[in-house]
Amino acid sequence: MKSDWNDLQVFLAIERGRTAREAATRLEISHSTVLRRLDAFEQRVGSRLFDRTPEGFLLTEAGGRIVGRAQQVEAEMLELERLIHGQDGQLRGQIRLTVPPPVAQFTLLPILSAFRERYPKIEIELVTTYAYSDLSRRDADLAIRFSETPEEHLVGRRLPPFHDAIYCTPGYRDRHFGLDRQAPQWISWPDRAAFQTRVKTTPYAAAEVGWTLPNLPLQAAAARAGFGMAFLPCIMGDGDPQLVRAPGTGTYSGRPAWLLTHPDLRRMERVRVFSKFLAEALNARKASLCGDLSAVEG
């Protein structure tokens with residue numbers, strides 16, 4: 001049998017995604033190209049590697065025998081790629097950074113602009129997502145993550161803490177807080193158990209949930225519309241002229257923030273320079289990240 005790395009990439013993408021369309025998305029190629037490469041690979045192997053079922057592509061016995069070896073080859077190829085890129089000492093080229101959307105929108109844009117002014121040959125590709133990015137598979141070069149214990153095989157820097165606070169409109173505050181006034185209601189996220197854990201240390205742990213909305217932009221919009229009080233990152237709420245903090249509340253810490261990369265890439269000069277620049281810029285903004293209102297007012 002003769003095969004190449006492209007064959008194995010297609011095979012593994014289908015095995016992980018279960019459909020040709022999902023595999024095409026992962027590989028950034030067309031759906032028809034995935035099917036064509038799989039057909040050609042199966043012909044060279046001399047066996048069907050997947051059963052096509054209503055639930056998607058399922059490994060056959062023949063496919064199951066090679067999946068472990070394909071994963072091993074993938075790991076070796078990715079390690080080789082990281083080693084090659086890690087030795088790149090030029091301050092030019094692309095860096096892919098993945099971050100949660102609020103961090104990008106409310107904190108990173110001016111930092112990235114300042115970096116490009118200093119290093120115009122380095123292109124920053126910003127990926128805003130809450131999804132996990134596998135740095136070992138080069139889904140990204142750097143990631144800002146919020147975690148108590150980041151993966152042991154990654155290296156990086158501890159960032160300043162990002163705090164949350166409880167926000168509502170001034171009108172909602174006047175109507176719903178204080179003696180003989182209608183009790184305030186929470187704007188929750190869908191994971192009710194996690195939300196209750198989050199609010200139990202606040203003065204309003206017993207308040208009812210009035211609304212459940214799926215993401216931070218909608219929760220912030222609902223708070224601005226007077227639906228209730230919402231837990232929002234301080235970087236998001238403190239700069240919003242339509243919101244104020246709920247009476248009797250302060251800031252609340254979340255999971256630690258990290259700037260992480262794969263150890264093979266820390267030798268890449270542009271990654272090293274960008275990582276240092278980004279960490280220093282975020283540390284300079286520590287007060288606003290932590291919700292120090294004097295930093296916002298200043």
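1. The largest pocket has 31 lining residues, and Pro100, Tyr130, Phe146, Leu216 and Arg255 lie nearest its centre. A pocket here is an open set of points on a 1 Å grid over the protein atoms alone, where a 1.4 Å probe fits, with protein on both sides within 12 Å along at least five of seven lines; lining residues have an atom within 4 Å of a point.

2. This is a predicted model: local features need pLDDT of at least 70 and side-chain atom pairs pLDDT 80 or more, while totals for chains, interfaces and linings use all residues. Numbering starts from 1 along each chain as its sequence is written, and side-chain values use heavy atoms, without hydrogens and water.

3. The volume of the largest pocket is about 1100 Å³. β5 gives the largest share of its lining, 4 residues. By class, the lining has 19 nonpolar, 7 polar and 5 charged residues. Nonpolar means Ala, Val, Leu, Ile, Met, Phe, Trp, Tyr, Cys and Pro; charged means Asp, Glu, Lys and Arg; the others, Gly among them, are polar.

4. Helices α2 (residues 20-27) and α3 (residues 31-45) cross at roughly 105 degrees, and their axes come within 8 Å. α2 is therefore roughly perpendicular to α3 (65 to 115 degrees). Axes are lines fitted to C-alpha atoms over the stretch in contact, with angles from 0 to 180 degrees between N-to-C directions. Helices are DSSP runs (H or I, at least four residues), strands likewise (E, at least two), numbered from the N terminus.

Methods:
Grid points are joined across faces, edges and corners, and a volume is the space filled by probe spheres set on the points. Angles under 35 degrees count as roughly parallel, over 145 as roughly antiparallel, 65 to 115 as roughly perpendicular and the rest as oblique.
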